[in-house]
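Colleague: I have some questions about how the labels on this model were assigned. Can you take me through them?

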Amino acid sequence: VDFAAELNEAQFRAATHPDGPLLIVAGAGTGKTRTLVYRVAHLIERGVPASRILLLTFTRRSAQEMLARAERLVGQTSRGVHGGTFHGTAHRLLRRFGPEAGLPGDFTILDQSDAEDLMGLSRSALGLADKTKRFPKKETLHHVYSRHVNTDIPVGAILREEYPRFIEFDDDFTRVFADYTQRKQARDLLDYDDLLLYWALLLESAPALADRIAALYDHILVDEFQDTNVLQSRILRGMCRVHRNLTVVGDDAQSIYAFRGATIRNILDFPRDYPGAQVVTLEQNYRSTQPILDATNLLISRAEERYSKELYSRRVGGEKPWLVTAQDEQQQTRFVVDRILELHEEGVPLREMAVLFRAGYMSADLEIELTARNIPFDKWGGLKFLEAAHVKDVLAFLRVLENPRDEVSWYRLLLL
C-alpha cells in the first residue's frame, strides 16, 4: 500500500504512527474511517499479527465495514483482526474467561426490555408497586441503574439531577437494585451493563487473569471515542496494562451522548491519562462545502474546552446554511414541503433530497402532508426487528429452552 499517495498528510501521520498512545481528533467528514482502516493495514504490513489487533467500534456494522475495507488493502491476512462493539467483545471474553472467575459459562443475556421486566418483578416483590405515593416505573428504575453502573455517579446524585421528585425513594432504589442483582445471579442472567462491568472487574480484581486477557492483543483501536463512558475507559486502561498501544479516534465537537452515560472527559483528558500520547488532528473535510464549514467552525470555536481545529474543504460553491424558525409543527411541515416542491421545480430530483429527524416518530405530520400533496417518499428507520413484540415472543420460547431458569422469558410467555 502506498500510504503517502493515498492519504493526506495528517491521515498519513496517524495511519503510520509507531507504537504508543495515539489520539486522532477527526473533524466531521475528514475521513476518520479511512484513516482507521489504513492504520489497521499499516500495523499488519509492519508485521503485527492480525489476531493481535482489537478494533472496537460503536456498532457491529462499522467493524465489519472497516475490516472489509482493510481486507481490500492488505488481503485475507486482515481477517484475523478481532473487531466488534465493546459489548460484543465483552460477551466473547466473558464466555472464555468468566468461568475461571466464578461466572457461569451458560449465562443468558437480557436485552433492555427484558432487564426492565426483571426490574419490574423486583419492584413488585418488594411491595413498592402498591405504594400510595407513586413509585417510579420499571423503565425509570432501569435507566437510573444503568446510568449508575456506566458513569459511577451515586444513585442519589442521579436522582437529584434527573428525578428530584423521587429523591425520597433513594433507599428504595437501592433495595430494588439489590434484589434485581440477586435475581440475575440466581438465574445466571446478565444484562448489557453487566457485560462491561464484569469485563472491567476481571481486569481490576483478578491480576493473573487480567494479565492473560490483556496479553491477547498488542494493539487496540477505538472508534467514536467521544461516545465512550467511564466504565469503557476503565476497560481500556485494563486492556493496556501490558502495553500502551492504544489508538482512539473521535471528535470532541460531536459528543452528544451524555444522556446515555458518555463523558467528553475521556477524549479531553486522553493526553493526561496516557502521558506522551501523540495527538493528530484531521481538518480537511471531504463531505461539505466551505460555507457550511465556516458556520460550524464559528459555532465550535465558542466551546469553553476543546481541541483546536479549523475544518476546510476544497469543494467549491454551495450556499450558506439556513436557520428557519417556525411557529408550530404545522408551519414547519408546510415550509419543508414547499421547499421540496421549489427545489423539484428547479430540477433537483426527489431522490436527491432528504429530511432528517431526531426520532422516527416525529415524521408523522410530514408523512401526512407529503401524501396529501401526492409527493412520493421513502421512510427509513423505525422499530428495530429484534424489538418487535412478536419477534421477542419467539425468542422468549427459545431462551426458555436454552435456560429454564430464565424468569424474564417465562414472564413474557405466561402473559401471552
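Modeller: Start with Leu398, which sits in helix α18, residues 389-402. Keep in mind that this is a predicted model.

Colleague: What makes Leu398 part of a nonpolar surface patch?

Modeller: Patch members need over 30% relative accessible area and no salt bridge, and nonpolar side chains are joined within 5 Å. Leu398 is grouped on that basis with Leu386, Val394, Leu395 and Leu401. The patch covers about 500 Å².

Colleague: Take helix α11, residues 207-214. Which of its residues are buried?

Modeller: Leu209, Ala210, Ile213 and Ala214.

Colleague: How do you know that they are on the same side of α11?

Modeller: They cover an arc of only 130° around the axis, which puts them on the same side of α11. In general, an α-helix has 3.6 residues a turn, so residues three or four places apart point the same way. Pro207 and Ala208 are exposed, on the other side of α11. The cover over the buried residues includes α5 (86-97), α10 (192-205) and α12 (230-239).

Colleague: Which residues of the largest nonpolar core touch the most other members?

Modeller: Trp199 and Ile220, out of 62 residues in that core. Helix α10 gives the core its largest share, six residues. There is also a second, separate core of 28 residues, including Phe3, Leu22, Leu43 and Val81.

Colleague: What is Trp199 in contact with, leaving aside its neighbours within four places in sequence?

Modeller: The cut-off is heavy atoms within 4.5 Å. With those neighbours left aside, Trp199 is in contact with Phe86, Thr89, Ala90, Leu93, Leu94, Asp194, Ile213, Ile235 and Met239. Across the protein, residues 24 or more positions apart account for 74% of the contacts with a separation of 6 or more.

Colleague: Why is the pair of Asp251 and Lys309 called a salt bridge?

Modeller: The cut-off is 4 Å between a side-chain nitrogen of Lys or Arg and a carboxyl oxygen of Asp or Glu. Asp251 and Lys309 meet at 2.9 Å, N to O. The pair is therefore within 4 Å and counts as a salt bridge. Asp251 lies in the loop between β7 (246-250) and α13 (265-268), and Lys309 in the loop between α15 and α16, so the pair ties together parts that are 58 residues apart in sequence.

Colleague: Does the label also hold for Asp252, or what distance separates its side chain from that of Lys309?

Modeller: The distance is 3.4 Å, N to O, and the two side chains meet in a salt bridge. This pair ties together parts that are 57 residues apart in sequence.

Colleague: How many salt bridges does a search of the whole structure find?

Modeller: It finds 36. One of them joins the side chains of Arg399 and Asp406 at 3.2 Å, N to O. Both Arg399 and Asp406 are buried. Salt bridges that share partners join Asp111, Asp114, Lys392, Arg399 and Asp406 into one network.

Colleague: Why is Arg412 called buried?

Modeller: Its relative accessible area is 17%, and the limit is 20%, so Arg412 is buried. Arg412 lies in helix α19, residues 407-415. Beyond its neighbours within four places in sequence, Arg412 is in contact with Asp117, Ala389, Lys392, Asp393 and Ala396.

Colleague: Last one. What makes Ser313 buried?

Modeller: Its relative accessible area is 12%, under the 20% limit, so Ser313 is buried. Ser313 lies in the loop between α15 (290-300) and α16 (329-345). With neighbours within four places in sequence left aside, Ser313 is in contact with Asn285, Ser288, Gln290 and Leu293. Ser313 and Ser288 are 25 residues apart in sequence, and 7.0 Å apart in space, C-alpha to C-alpha.

Conventions:
Residues numbered from 1 in each chain as written. Predicted model: local features only at pLDDT ≥ 70, side-chain atom pairs only at ≥ 80, totals over all residues. Heavy atoms only, no water. Patch = residues over 30% accessible without salt bridge, like charges linked within 9 Å, V, L, I, M, F, W, Y side chains within 5 Å. Areas by Shrake-Rupley, 256 points an atom, 1.4 Å probe, with all protein chains shown as cover. Helix = DSSP H or I, 4+ residues; strand = E, 2+ residues; numbered from the N terminus. Buried < 20%, exposed > 50% of the residue type's maximum accessible area, 1.4 Å probe, protein only. Arc of directions from axis to C-beta. Core = buried A, V, L, I, M, F, W, Y, C linked by side-chain atoms within 4.5 Å.
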